[in-house]
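Please walk through the structure below, starting with a strand pairing and ending with the confidence of the model.

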Amino acid sequence: MASRSKPEAERDGDGASGGKSNKIVWNEAQQRFETEDKEAFVQYAVREKGKVMDLVHTFVPPSKRGLGLASHLCVVAFQHAQSHSLSIIPTCSYVSDTFLPRNPSWNSVVYTEGGKSNI
């Protein structure tokens, strides 16, 4: 049985992306949040008996860079984690070194030692 992608969010397009929207879907089968065209994504691994999402890799192809898409992918992943009472381990260097310092409000969802986030 094939797993369906689930819509999580949509980003309005701008001139740089040809006016197309960059819809983000949750691809549970491949453990990632991705653009509908599957070109950009944030990959995760499930840890701690399903209570923690470890964001291990973010990828945006050169043709889509500079549009804020990596940040948007992270926001969708963090929103998903928050709405499902999950914590996030920011293994990916983009998430830990760029996204979280620019968006400190999401630190409350980050996994802390002892097995719980700050939510």
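**Strands, a helix and confidence**

I24 has T35 of β3 as its bridge partner. This model is predicted, and that bridge belongs to the antiparallel pairing of strand β2, residues 24-27, with strand β3, residues 32-35. Four bridges hold the pairing. Between β2 and β3 lie the four residues of a hairpin, where Q31 adopts a positive phi near 50°.

β3 also pairs with strand β4, residues 41-47; the two run antiparallel and are joined by three bridges.

Now turn to helix α2, which spans residues 93-102. Which of its residues are buried? They are V95, F99 and L100. Viewed down the axis of α2, these buried residues fall within an arc of 90°, so they line one face of the helix. An α-helix has 3.6 residues a turn, so residues three or four places apart point the same way. The cover over the buried residues of α2 includes β5 (52-59) and α1 (69-83). D97, P101 and R102, on the other side of α2, are exposed.

Last comes confidence. The protein has a mean pLDDT of 84, with 77% of its residues at 70 or more. Residues 1-6 have pLDDT below 50, and the model gives this stretch 11 contacts beyond near neighbours in sequence. For residues 10-19 pLDDT stays under 50 as well, and the model has 16 contacts for them beyond four places in sequence.

Technical notes: Residues are numbered from 1 along each chain as its sequence is written. This is a predicted model: local features need pLDDT of at least 70, side-chain atom pairs count only at pLDDT 80 or more; totals for chains, interfaces and linings use all residues. Side-chain values use heavy atoms; hydrogens and water are left out. pLDDT is the predictor's confidence in each residue, from 0 to 100. Contact means heavy atoms within 4.5 Å. Buried means under 20% relative accessible area, exposed over 50%, partly exposed in between (1.4 Å probe, protein chains only). The arc is that of the directions from the helix axis to the C-beta atoms. Two strands pair if DSSP finds at least two bridges between them.
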